[in-house]
Amino acid sequence: MRFMNKQVFRVGFSLVMAFWLAFGTLTQPALALTTEQKLVSEVWRIVNRTYLDETFNHQNWAAVRQKVLEKPLTDSNASYTAIGTMLKSLDDPFTRFLDPEQYRSLQVNTSGELTGVGLQIALNPETGKLEVVAPIAGSPADKAGIRPRDRILKIEGVSTENLTLDEAATRMRGPSGSLVTLVIERHGETETEIRLTRDRIALNPVVSELRVSTEGTPIGYLRLTQFNANASTELAHAISSLEKKGADAYILDLRNNPGGLLQSGIEIARLWLDSGTIVYTVNRQGIQGSFAALGPALTNDPLVILVNQGTASASEILAGALQDNDRAKLVGETTFGKGLIQSLFELSDGSGLAVTIAKYETPQHRDINKLGIKPDKVISQAAINREQIGTEADLQYQAAVELLVKNSVMAGKA
């Protein structure tokens, strides 16, 4: 009996000790995170809270964070690399990290000025290759003849195959007057080396002019090159000026417009609409938000919108809104097909994070991502240079004029 009591005591004592050790281990204070680890965790939390795909590309997002933090992070560059690795696992070229310099450059870009070659670029989600969305009008790239969908293979001899979007953009930026060499690949053509002189590029997004058709119809021609912070104000001024000059119809040229600020696209749509939905947004919970016209429109005159393969993002929101509300006819080529919305977050060290937080649908609930918007009148044409835009060589522009003149005759205005 004594022997059994001793055995029970020993077993009981062992269980108590095991429990105490386990409990003691669980209650040890967590080791303090380093500054570098805190930045990685900050990015992880933002993505965890806001990213559109709640499966995080069909992976355990917590495990991704844990794996990244297992490696020592000795400085900010190490943390930036770790963040890049973490985001790459999402397989989303639009969700990306921006170091402090890149973040400042993006802020400058949307505010109205940059220094570089003047290219809007994107990573093709299917091929992973760096592609031109559109050259900025009047920029060194535009003057050199670089076109939408051109693939950028090398920048200063460095292959773009393993570069992120922002690394590529940073390599193309530089002081005004400095040189940069690009190797461009175009469908059906051999590789071409192009040498560009960087320049300061004023991002005045609106070009406007009153033109008169051969039939006598006064047409307000508006070309919008980017949706930056000034775009809606500048376009409103241009429309008001053209109204005073007697415009009876309008052409809004969104060709090679790569987009920009979502809010800018919404505000510009409101310039043309008395009422109606502009766009629906859908987050990862499937919750829909919407933006509507506030009225009244600045003009109710007939409107044709010119679009092509370089018409992307906020440009597609605007074109889709006016097409679905029967406010405008679209002429040209099927648009780029970017139906995702990113939000920009400033991080604790001055860097930034762009995260895909939602997708958008047109007023008729069309999801155009990777599909684009098909024009009412499809007109394909070979690439033209800047000086040929709006001339007889511009078949898409001529088709828009014919459509407006026809409508004016039917309405008894001509």
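**Reading a loop residue and a helix**

Analyst: Ser313 lies in the loop that joins strand S15 (303–307) to helix H10 (314–324); helices (H or I, at least four residues) and strands (E, at least two) are DSSP runs, numbered from the N terminus. The model is predicted: local features need pLDDT of at least 70, side-chain atom pairs count only at pLDDT 80 or more, and totals for chains, interfaces and linings use all residues. Residues are numbered from 1 along each chain as its sequence is written, and side-chain values use heavy atoms, with hydrogens and water left out.

User: Is Ser313 buried or exposed?

Analyst: Buried means under 20% relative accessible area, exposed over 50%, partly exposed in between (1.4 Å probe, protein chains only). Ser313 counts as buried because its relative accessibility is 11%. Leaving aside residues up to four places away in sequence, Ser313 touches Pro258, Gly259, Lys338 and Tyr360 (contact means heavy atoms within 4.5 Å).

User: Which residues of H8 are buried, and where do they lie around the axis?

Analyst: An α-helix has 3.6 residues a turn, so residues three or four places apart point the same way. In H8, Ala231, Ser232, Leu235, Ala236, Ala238, Ile239 and Leu242 are buried. They cover an arc of only 165 degrees (taken from the directions from the helix axis to the C-beta atoms), so they sit on the same side of H8. The face turned away from that side carries the exposed His237 and Lys244.

User: What covers the buried residues of H8?

Analyst: The cover includes strands S10 (206–212), S11 (218–224) and S12 (249–253), together with helix H9 (262–272).
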